[in-house]
Amino acid sequence: MDLLIKNGRLVDPARKLDGVNDVLIRDGKISAIGKIPAGDTANVPLFDATGLIVAPGFFDIHVHLREPGTEEAETIATGGQAAVAGGFTAVAAMPNTKPPNDNPSITHYIVSEALRSSPARVFPIGAITKEQKGETLAEIGEMFEAGIVAISDDGKPVMDGQLFRRALEYAQMFDMPVIQHCEDLHLSKGGVMHEGVYSTRLGLKGIPSAAESTMVSRDLILTEMTRGKYHVAHLSTRKAVEMVREAKARGLRITAEVTPHHFTLTDAAVATYDTNAKMNPPLRSDDDVAALIEGIQDGTIDAIASDHAPHHINLKMLEFDRAPFGITGLETAVGLAFTQLKVPLARLVELFSINPQKIMKVKPWGIFEGSVADLTILDPKRKWTFDVAQSRSKSRNSPFNGFELVGKAVGTIVGGKVVYEDRG
Amino acid sequence: MLKHKDLLGIENLSTDEILEILNTAESLQEVSSRPIKKVPTLRGKTLINLFFEASTRTRTSFEIAGKRLSADVINISPATSSVSKGETLIDTARTLDAMAADCVVVRHSASGAPAILAKLTRAAIVNAGDGAHEHPTQALLDALTIRQRKGTLSGLKVAIIGDISHSRVARSNVHLLTKFHSHVWLCSAPTLMPVEIEKMIDENREYLHLTHSMKDAVADADVIMMLRVQFERMSESFFPSVREYFRYYGLNLARVQGAKPDVIIMHPGPINRGVEITSDVADGPYSVILDQVSAGVAVRMAILYLLMGAHGSSD
């Protein structure tokens with residue numbers, strides 16, 4: 001695939017790059033950066049990026065593609081479509097499919113189906129334990145050989161401390177991070193939203209902040225003990241942010257992500273019993289939101305990930321207690337980050353691309369000669385309204401329908417091919 | 001006139017709306033003392049009692065209220081044991097709406113279920129208790145009982161004692177009584193006190209008091225409201241045993257002595273004799289438990305009338 005991207009502002013903080021220039025792509029790779037003479041590019045398709053930002057392809061390291069097993073909610077193909085429409089050239093797929101990705105045959109299936117049907121690259125994450133039951137280790141090495149980039153029992157925290165210790169130890173053979181959904185299941189039992197004044201007022205059972213922070217605390221101690229590589233999924237509470245900050249200062253090998261909904265909404269969004277405001281971890285308090293934004297600004301938080309969790313509408317049209325946790329997020333993540341976060345552009349590129357690549361230790365891509373041509377083109381000033389009816393996801397469970405946002409991915413390029421373009 | 005299509009909770013009612021319901025209830029109380037206990041007010045209107053959670057007294061009270069106003073009353077008790085089997089809540093609502101029900105009275109174990117129905121139906125939805133959220137008709141019948149005994153809803157000390165955490169009755173009463181500037185003392189073991197309940201109301205927070213001392217709650221109280229211990233919700237260790245619960249939060253005659261001499265004892269029923277209240281208190285001179293039951297019929301007649309009948313036939 002050949003492509004000439006003209007006149008864009010190239011921003012790649014990993015290469016200390018920030019300036020207006022052209023990018024020439026030949027055979028799916030970046031072949032030249034600079035003022036490209038017109039004579040060299042006859043017959044090469046042109047992408048005019050005047051006034052736009054060109055960044056290394058964004059990588060969402062926390063999505064649920066639902067395939068195999070729950071294809072009525074999402075498939076690898078539709079999830080991939082939603083990803084590129086949101087500006088993501090790559091996603092990491094959580095293993096809680098049906099059956100779960102706990103063995104190499106499922107990993108192979110995901111990898112090959114993604115190559116066949118998804119416009120975005122898909123990096124599978126393997127289960128920590130067989131069937132995600134939290135009892136015995138899954139075939140982590142076999143799955144690594146088949147293409148996983150990390151392990152997690154996402155959605156099901158590993159409650160057994162000894163087993164989690166073993167996972168942190170064993171994963172070091174492959175230098176893979178162990179990703180934990182931090183939730184003490186005893187503290188959260190029966191809970192459907194953040195425990196606070198809103199859960200009291202609404203009469204819904206709460207999930208206390210301590211359900212997250214006590215688990216983070218245990219895991220940090222185990223990470224220190226094993227010298228393992230640990231990644232905290234979807235941080236949601238002030239206390240957990242503070243503990244991660246403190247542990248990083250001590251030099252532990254830990255990274256953390258936050259979702260756009262956790263830095264945008266609070267538990268007040270549940271007040272109408274809207275099941276699209278139900279996710280796990282739950283929407284927290286104003287103070288937690290402030291702490292997450294501080295964590296993003298000061299570098300405690302490494303990445304923004306959507307936790308894209310599609311559910312069929314039939315399951316969300318239930319009583320709040322009975323509806324499943326989770327919302328879609330691939331198409332709103334970038335817009336929400338631009339709208340809600342006051343951080344420099346280079347920092348945003350780190351959060352969405354550079355750091356996710358480092359966390360998952362994938363072969364790096366970026367704006368340099370020889371890189372695979374995976375690029376995200378952004379218009380930070382584009383005003384737009386998210387219309388969930390137009391979503392490319394198979395599911396519609398977003399609390400952001402009708403949200404007015406400023407800043408959008410307007411072009412997504414994977415392997416030199418324009419897989420998404422929105423000229424407004 | 002009520003400002004809403006539905007009655008989902010006390011929280012969003014004004015004091016004027018509450019007084020209108022109570023005044024209407026008082027004027028309708030007389031109907032229940034007639035030899036022929038029926039007026040034609042709601043003739044041709046259809047009332048559906050949709051009880052997803054078992055309840056004899058509330059359902060019966062609504063049924064009697066509807067029948068005394070000549071509405072056609074239908075009772076439905078869908079099985080709720082499994083979500084996957086049978087119709088969803090939303091499909092049930094749409095079905096009843098298609099049958100042109102005028103009012104649907106809903107009880108459900110899930111907080112917010114009536115609010116979901118209200119958004120989807122033309123019929124008026126009356127919340128007859130949803131999860132641990134609200135039970136507005138209970139608070140209204142409590143208010144009618146208190147007003148008839150005390151002559152006012154203001155300036156009283158009301159102790160609400162028991163499992164506050166799981167109680168929709170407590171929440172609705174907090175909303176109602178603090179709106180009228182009565183002092184509400186919530187009393188329970190710390191394990192049964194919901195977090196941040198002191199911030200649950202936006203206004204009149206100075207009228208809400210929390211304690212785990214039953215003695216402090218009862219001291220000089222005008223009203224003692226005992227809550228039912230809900231054994232079915234005691235899956236976690238909220239307290240060690242029924243015996244120990246009674247030791248600290250059971251109401252017996254000795255404890256009543258701390259209250260005002262003219263204190264009234266209330267209970268939303270059904271009572272667990274010997275668990276939260278002794279028989280000599282429940283059946284004694286302070287008890288207004290049966291007055292509450294009578295007030296319940298009147299209050300529900302008033303609500304049905306105000307939601308279905310007061311608009312005239314053009315609505």
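This is a predicted model: local features need pLDDT of at least 70, side-chain atom pairs count only at pLDDT 80 or more; totals for chains, interfaces and linings use all residues.
Visitor: Which hand does the crossing of helix 5 and helix 6 of chain B have?
Guide: The crossing of these two helices of chain B is right-handed.

Visitor: Which residues of helix 5 and helix 6 of chain B meet?
Guide: Helix 5 of chain B brings B:P136, B:Q138, B:A139, B:D142 and B:A143. Helix 6 of chain B brings B:V169, B:S172, B:N173 and B:L176. Sorted by class, this helix contact in chain B has five nonpolar, three polar and one charged residues.

Visitor: How do you know that domain 1 and domain 2 of chain B touch?
Guide: Count residues in contact, meaning C-beta atoms within 7 Å. By that test, 22 residues of domain 1 of chain B contact 24 residues of domain 2 of chain B. On the domain 1 side, helix 1 (15-29), strand 4 (124-130) and helix 11 (289-309) of chain B each give two or more residues. Helix 11 of chain B has the largest share, seven residues. The domain 1 side divides into 10 nonpolar, eight polar and four charged residues.

Visitor: How many residues link chain B to chain A?
Guide: In chain B, 21 residues are in contact with 16 residues of chain A. Helix 3 (89-98), helix 4 (113-120) and helix 6 of chain B each give two or more residues to the chain B side. Helix 4 of chain B supplies the largest share of that side, three residues. By class, the chain B side has 12 nonpolar, five polar and four charged residues.

Visitor: How do you know that strand 16 of chain A pairs with strand 5 of chain A?
Guide: Pairing needs at least two bridges. Strand 5 (residues 53-56) and strand 16 (residues 375-385) of chain A have four, in the antiparallel sense. A:I53 stands opposite A:L378 in strand 16 of chain A. Strand 16 of chain A is also joined to strand 17 (residues 404-414) of chain A by eight bridges, again antiparallel. There, A:T376 has A:T412 as its bridge partner.

Visitor: Why are strand 9 and strand 15 of chain A at the edges?
Guide: Take the order of the open sheet in chain A: 9-10-13-14-15, with parallel pairing. Strand 9 (151-152) and strand 15 (303-304) of chain A each have a single partner strand, so one side of each lacks a neighbour in the sheet. Inside that order, strand 13 (residues 230-232) and strand 14 (residues 254-258) of chain A run parallel, joined by three bridges. A:V232 stands opposite A:A256 in strand 14 of chain A.

Visitor: What packs on this sheet of chain A?
Guide: Helix 7 (residues 209-226) of chain A does, touching strand 10 (178-180), strand 13 and strand 14 of chain A. The direction of helix 7 makes about 165 degrees with that of strand 13 of chain A.

Technical notes: Residues are numbered from 1 along each chain as its sequence is written. Chains are lettered from A and ligands numbered from 1 in the order in which they are written. A crossing is left-handed if the near helix is turned anticlockwise from the far one by less than a right angle, and right-handed if clockwise. Two residues are in contact if their C-beta atoms, placed from the backbone, lie within 7 Å. Ala, Val, Leu, Ile, Met, Phe, Trp, Tyr, Cys and Pro count as nonpolar, Asp, Glu, Lys and Arg as charged, and the others, Gly among them, as polar. Axes are lines fitted to C-alpha atoms, for helices over the stretch in contact, and angles run from 0 to 180 degrees between N-to-C directions.
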